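Welcome! Have a look at the structure first, then work through them in order.

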Amino acid sequence: MMAQSTNQALRFESNLSDAQLAELGRSRLFNPDLAPVSTERRKWRVGSFAALWISMSACIPTYMLASGLISGGMNWWQAILTIFLGNLIVLIPMVLNAHAGTHYGIPFPVYCRASFGTRGANIPALLRAFVACGWFGIQTWIGGNAIYKILSVFVPSLASGTPSATFGITGVQFVCFLFFWGINLLVIYKGIECIRWLLNIKAPLLIALGLLLLGWAYQKAGGFGPILSQPSAFAAGQPKSGQFFAFFFPALTGMVGFWATLSLNIPDFSRYACSQRDQVLGQSLGLPLTMALYSFIGVAVTSATKIIFGTEIWDPVDLLTRFQNPAILVIAMFALCIATLATNIAANVVSPANDFANLAPRYISFRTGGLITGIIGVVIMPWHTVANADRYINGWLIGYSALLGPIGGILIADYFVCRKRRLNLTALYQEQGEYRFTNGFSLVGLLALVLGILPSLPGFLVKVGALNSQSLAPFFTSLYDYAWFVGFAVAFVAYIAGRNLAPEAGHPAPNPQTEETTGLLTTDH
């Protein structure tokens, strides 16, 4: 037993002594929620990380994800392959950024301090947080709307309300939205272990329900219907012949953007991993395959609805309201709420709660940060974002990937290339430590971030109507279609070049105790 405990302690450098914790406790950069996770508090193994991604991926937006690609001209397998490739690509920075969280037990905003400075870390943290607030609002709206639609089957008069001219939804819809919002806040209050418990319940439940729905659709329709035999609009002789790649690359960028948020703040979860192997294998098994499978279920079931009901029903909530059995409706409402709740809390609350806490660690706890996230999620009126497929994919998904790609490039360049995976753990929490740089800001990190964002800015301004596309060369407009890739590459190169040409005080400053390098799958670190 003693030998096992010793081996566990050797794996990570997150165990601080009581004296170190007492000293750091006096720092304005420290609070218990941001503190390194010690060995004895780590409980996440391969199954936990696989469950995390199965739970987050098996959700209504994933079910409907292929709909925008198919309506844009892809056939079913092109859409599913695009989704799979996008998630395979985003898995790479996901696993790489998770390494620091596992090895040092630190959350995302603390991880950012090494490359952006102790105060500058608030910039990428807040960019990530506001994107998460948007996603929190979207997922909460989806969950609340599911409750509203299923209740309307039992009480048809609920569906007859007039949308407000100000909000664009009815009063009953807004009440259902706030009810589901309140459930989310309750789970936030319960903490990280409640979230892990919720994810472990949801993972098998939603996969089972998805496969049951797939089996029902196949049996009822006598097959999978016309969508699976529908040719690509980009094939020879079809309306969009020869235009496949003009649509594919923006779509691929959108698919990368779908989980680009988590590829940054994955240390918020990997800090609880028992080993690097657990986080790498768990994420690799859980993310790409589940996204492809659940998207296929959405395509196949929707195709069958064309035969069963005479129209394509992409929204699973609309499909479930076609059932008249009260027991099925109640079970469906419960399952959809659990599905959306688990995804929302894990993907869209854990990170911004830590990010807002990083602003003022002494005054903002994880729970307070979660409350701030919830309030912003209501204020943005998320139902407007998901109302239009073009706005959702080309505006929302690609738009924020232009911000997050450069942050990912900087973090990976700093941790893997410049620092060789070596951080001074206690200095990350010290106001006058080596990561203070220039008054708390890393000028190289901030400049690389700006340079990474700039190439996609003209295309974004054209997309939102702030610039006329005729006033720009097509090259600059088209860069927006590759926003995540361009931003990641430019920021990655700019950061490394900046560190070599104009090294700042405190970089790199290896900790003598951490000179040995560590591999992604080694069990001793």
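This is a predicted model: local features need pLDDT of at least 70, side-chain atom pairs count only at pLDDT 80 or more; totals for chains, interfaces and linings use all residues.

**Exercise 1.** Does Phe437 count as buried or exposed?

*Solution.* Residues are numbered from 1 along each chain as its sequence is written, and side-chain values use heavy atoms, with hydrogens and water left out.

Step 1: recall the cut-offs: buried means under 20% relative accessible area, exposed over 50%, and partly exposed in between (1.4 Å probe, protein chains only). Step 2: Phe437 has a relative accessibility of 12%, so it counts as buried. Step 3: find its place, which is the loop between H20 and H21. Helices here are DSSP runs (H or I, at least four residues), numbered from the N terminus. Step 4: check the backbone: phi of Phe437 is near 55 degrees, a positive value in a residue other than glycine. Arg421 is found in the loop between helix H20 (389-418) and helix H21 (443-453), and phi of Arg421 is near 65 degrees, also positive in a non-glycine residue.

**Exercise 2.** Work out how helix H3 sits in the structure and how it meets helix H17.

*Solution.* Step 1: compare length with expectation. The expected span of a helix is 1.5 Å times one less than its number of residues. The 12 residues of H3 should span 16 Å, and its end C-alpha atoms are 16 Å apart, which agrees. H17 has 23 residues and reaches 32 Å between its end C-alpha atoms, close to the expected 33 Å.

Step 2: look at burial. H3 is largely enclosed by the rest of the structure, because 9 of its 12 residues are buried. Among them are Phe49, Leu52 and Trp53.

Step 3: describe the packing. H3 (residues 46-57) and H17 (residues 326-348) pack at about 115 degrees, with axes 8 Å apart. Axes are lines fitted to C-alpha atoms, for helices over the stretch in contact, and angles run from 0 to 180 degrees between N-to-C directions. Leu52, Ser55 and Met56 of H3 meet Thr343, Ala346 and Ala347 of H17; contact means heavy atoms within 4.5 Å.

Step 4: inspect the start of H17. Asn325 caps its N-terminal end, with a side-chain oxygen 2.9 Å from the backbone nitrogen of Ala327.

**Exercise 3.** Which residues does Arg128 contact, leaving aside its neighbours within four places in sequence?

*Solution.* Step 1: locate Arg128 in helix H8 (residues 122-154). Step 2: its relative accessible area is 0%, so Arg128 is buried. Step 3: list its partners: Phe108, Thr261, Leu262, Asn265, Ala347, Ser351, Asp355 and Leu404. Step 4: Arg128 and Ser351 are 223 residues apart along the chain, with their C-alpha atoms separated by 7.9 Å.

Terms used:
Helices (H or I, at least four residues) and strands (E, at least two) are DSSP runs, numbered from the N terminus. A polar contact is a pair of N or O atoms within 3.5 Å; within protein, one must be able to donate a hydrogen and the other to accept it, and residues adjacent in sequence count only if both atoms are side-chain atoms.
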